[in-house]
Structures are given as C-alpha cells and as structure tokens.
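Hi,

Here is the structure I promised to hand over.

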Amino acid sequence: DTVLVIFNGLPQIIAGIDFSSCDNAQITLTSTGGVNYTWSNNVINGQSFLLAQTTTFTVTGTDANGCTNSDQVTVTISSAPQVSLGSDIQICENEAPIQVNSTTNSGGLAYLWNTGDNTSSISTSISGEYYVNVTDANGCSDSDTLTVTIFELPGANLGNDQSVCTNELPATLSVQSTGNQLNYLWSTVQTTQQIQVSQTGSYSV
C-alpha cells in the first residue's frame with residue numbers, strides 16, 4: 001500500500017513594522033499572509049482602537065491548509081498634550097477686545113489657531129468660533145474650540161435740551177432706545193422708559 005504525505009510550508013505571517021503613536025489616537029493592527037488571524041490583547045485584525053501604553057502584540061495567522069505561524073509588532077505610545085480654552089465667552093462690545101487663553105498640561109508646544117495665530121492666546125473683537133490645535137515634540141496633538149459672542153450695545157437718546165415754563169410742569173423726559181428687553185436706570189433712580197421732572201437740572205439715563 002502507498003500513502004502520500006504532503007508537507008505544507010508555514011505561512012509567512014506579517015504583523016507589520018514597529019511604529020509609534022499617541023494615547024489619544026486610534027491605531028489599527030492589520031496582519032497579512034494568512035486567512036484567519038488571532039491577536040493578543042483581544043485585538044481584532046483591521047479594527048481601530050485606543051492604546052494607553054507601549055505594548056508588543058503577537059498575531060497568529062492560519063492559512064488555507066490549517067498551518068499557523070506568528071509574528072510580533074511593538075507600538076510605542078506617547079502621552080498626548082491636553083489643551084483647554086475654557087467656557088464659551090459672552091461680552092458686550094464695549095468690553096472688546098477679549099483675550100482667549102489656552103491652558104495646557106505641558107510645555108514646549110506648537111500652537112495653531114483657526115485665525116492663523118501661533119501663540120498660546122489670541123485677542124479678538126469679532127463673534128465666532130475659535131479653535132486651537134497644540135502639537136508636542138512627539139507629534140502628538142490635541143485641540144479645543146470655544147465660541148465668542150459679542151453683543152451690540154443698546155442705543156439711548158434723550159433728545160435736545162428742554163426749556164419749559166413753570167405752568168407746563170411736570171416735564172416729561174423719554175428715552176428713545178434701540179435693543180430688546182432693556183432695563184432703564186435714570187439719575188433720579190427711576191427705572192421706567194420715561195419720567196416726569198419738576199426741577200431744573202441735568203438728567204441722564
């Protein structure tokens with residue numbers, strides 16, 4: 001009797017070359033050379049994930065003949081910087097320009113704002129969304145966004161100075177204003193849009 005024995009060569013499983021990444025960046029491990037792959041650390045072949053620390057991964061690949069082989073790849077992780085612009089800003093236009101400051105957890109960073117500035121803080125008098133990206137020496141980066149809203153000042157006009165006769169008293173003073181949902185405060189401490197006065201003097205609102 002005769003039996004044929006075929007020795008199949010092992011597959012050449014390739015895990016890829018070692019590389020570096022950042023702890024806030026998605027990484028993907030993809031092996032080739034087989035038809036099925038099993039990674040250490042519960043990694044799924046070709047599926048992205050976050051990695052917090054430097055790790056060496058082992059992949060075991062199986063070819064169509066059921067033969068297996070393994071390979072390793074090391075991913076070196078650097079901690080990414082963290083940047084914050086704080087809470088959104090709302091001010092009146094007479095308070096502008098406003099300073100927008102970034103705070104970070106490390107130094108030696110490169111800054112890039114959506115305004116084109118490359119400093120740690122900027123000054124603005126325009127409402128809008130402001131964005132900064134910071135990058136460290138390892139190429140790791142972080143970003144943050146805040147919205148600046150600058151409100152127009154309400155307008156107030158008391159008109160021309162008045163001269164009235166005593167038999168016309170009290171005189172009515174009324175403020176012409178622009179804006180919505182306004183509050184008034186006169187020099188007489190009254191809080192209505194118009195007041196009546198019976199004494200000579202200078203009145204402001």
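A word on terms before the findings: I call a residue buried under 20% relative accessible area, exposed over 50%, and partly exposed in between, using a 1.4 Å probe and protein chains only. Bear in mind that this is a predicted model, where local features need pLDDT of at least 70, side-chain atom pairs count only at pLDDT 80 or more, and totals for chains, interfaces and linings use all residues. Residues are numbered from 1 along each chain as its sequence is written, and side-chain values use heavy atoms, with hydrogens and water left out.

Cys140 comes out at 0% relative accessibility, so it counts as buried. There is one disulfide in the structure (a pair of cysteine sulfur atoms within 2.5 Å), and it links Cys22 to Cys140, with the sulfur atoms 2.0 Å apart. Its S-S torsion is about -95 degrees, which makes it left-handed. Cys22 sits in strand β1 (residues 19-22) and Cys140 in the loop between β13 (128-135) and β14 (141-151), so the bond ties together parts that are 118 residues apart in sequence. Strands here are DSSP runs of E, at least two residues long, numbered from the N terminus.

Cys22 is buried too, like Cys140. By contrast, Cys92 is partly exposed at 32% relative accessible area, and so is Cys165 at 47%.

What surrounds Cys140? Beyond its neighbours within four places in sequence, its contacts (heavy atoms within 4.5 Å) include Cys22, Ser78, Pro81 and Val134.

Now the sheet that β1 belongs to. It is an open one of four strands, ordered β1-β6-β5-β3, with mixed pairing; two strands pair if DSSP finds at least two bridges between them. β1 and β3 (36-39) are at the edges with a single partner strand each, so one side of each has no neighbour in the sheet. β3 pairs with β5 (residues 55-62) in the antiparallel sense, over four bridges, and Tyr37 stands opposite Gly61 in β5.

Last, strand β9. In a regular strand the side chains alternate between the two faces of the sheet. In β9 (residues 98-101), Ile98 and Val100 make up the covered face, while Gln99 and Asn101 make up the uncovered one. β9 runs antiparallel to β12 (residues 121-124), joined by four bridges, and Ile98 has Thr124 as its bridge partner there.

Cheers
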